[in-house]
Amino acid sequence: MIVAVVSMPGGTTTRTDLAGARDRLASSDFVLVDVALPLAADRPDTAAASDARDGPDGQDASDVPEADGRRVVEALGLASESPAWFGMTAEPVRADFLGDRAGFVVPVVDDGRVVHVHAMATERHLVTVHRGPVVPLENLAARLGQERPADAVAVLFMLLEEALDTFRRAAVADLLAVEDLEDEMFERRRPEQVYRLARLRRRAALLHHYLLPYLQSTDEIVMRRMLSRDFPEERRRLAQEFQHTGRLVLTDIQALQDATRRAFASYSSLVSGEQNGVINRLAIVSTIFLPLTFLTGYFGMNFSYLTDEMESRAVFWLLAVALQALVLVGALYVLHRTHIWRRLRDDEGTREP
């Protein structure tokens, strides 16, 4: 377990234990406490457990017992003022306003997976609890010394904005990957490209799945507070900026979903075009050999006229060979005059670089 205390307004970060963090919460007027609980793989009592496993791709993987989060809350002396769900594993995204404090479960994209950060803000402090290290929170702690927010609520909005930025960065990176994949498809189609597109489409769906309920829950509490007359103007501005940023990030994720659907449609169109070319070539070959097959079948029949009247070698060469060669030359001449073969060759040249 890693406990970091950020003293404000200086932004100095100190590593301590739960007892030290509790003392700082009681004595400091403005402090940020971040608690990183160990993942199951880091716990000696669960590392060898047979049922310890990571969650599905893109989801929060945490096998830490439910009691760990509540023990942290009790050790920090926050059991009476924190929500009942604070620190609990597998809690969905949510936002609760509790009079003089607010609690959030914030989804954050970290290293390709979505983790849930529990945050509780009061006028004096902000406490965050999560499973394993989360790089965006470390970035937030580094920003505090430079931006020097006025109070814990301002730090809370910085945390919410940082969480949205992780979704934006993930969406933009995946969007660029889709565009690169489209360029590769136009140069040469390969089966693994479909699998890569399917993974990017699933990632876009997961980002949308986690962000949309988060924005809905936070919008409800933010709008409720903004309608209150005692809501300070500075916090109203922060709330409006957060809502605007949330809508922009959601638009970026929807653009990623549209791009993956467009890429699938492009791949299907390219494959269909190649299949049409193959079918056209097969049709031409069938047209050429259809009269030859008819002649072969006709002269292969064993009836009296053929057996009695066409016994000489000259007749054989004339009918069995010369007639078929004449039909073949005639079919090729028709293809040349109608430019069918040239169109097929031009289509093949446009598909291959």
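A salt bridge is counted where a side-chain nitrogen of Lys or Arg lies within 4 Å of a carboxyl oxygen of Asp or Glu. The structure is a predicted model, in which local features need pLDDT of at least 70 and side-chain atom pairs count only at pLDDT 80 or more, while totals for chains, interfaces and linings use all residues. Residues are numbered from 1 along each chain as its sequence is written, and side-chain values use heavy atoms, with hydrogens and water left out.

By the salt-bridge rule, the count is 13. One of these joins the side chains of arginine 236 and glutamate 233, at 3.7 Å from N to O. Both residues belong to helix 6, 3 residues apart, or about one turn of the helix; helices (H or I, at least four residues) and strands (E, at least two) are DSSP runs numbered from the N terminus. Arginine 236 is buried, because its relative accessible area is 18%, whereas glutamate 233 is exposed at 59%. Here buried means under 20% relative accessible area, exposed over 50% and partly exposed in between (1.4 Å probe, protein chains only). Salt bridges with shared partners also join Glu123, Asp151 and Arg235 into one network.

Aspartate 252 and arginine 168 form another salt bridge through their side chains (3.9 Å, N to O). Aspartate 252 is in helix 6 and arginine 168 in helix 4, so this pair ties together parts that are 84 residues apart in sequence. Aspartate 252 is partly exposed, at 28% relative accessibility, and arginine 168 is partly exposed, at 25%. The side chains of glutamate 184 and arginine 196 also meet in a salt bridge, at 3.2 Å from N to O. This pair links helix 4, which holds glutamate 184, with helix 5, which holds arginine 196, across 12 residues. Relative accessibility is 27% for glutamate 184, which counts as partly exposed, and 36% for arginine 196, also partly exposed.

The largest nonpolar core has 61 residues, of which Phe104, Leu144, Leu160, Phe167, Leu207, Leu211 and Tyr214 touch the most other members. Such a core is a set of buried Ala, Val, Leu, Ile, Met, Phe, Trp, Tyr and Cys residues joined through side-chain atoms within 4.5 Å. Elements giving two or more residues to this core include strand 5 (102–110), strand 6 (113–121) and helix 3 (135–147). Helix 4 supplies the largest share, 17 residues.
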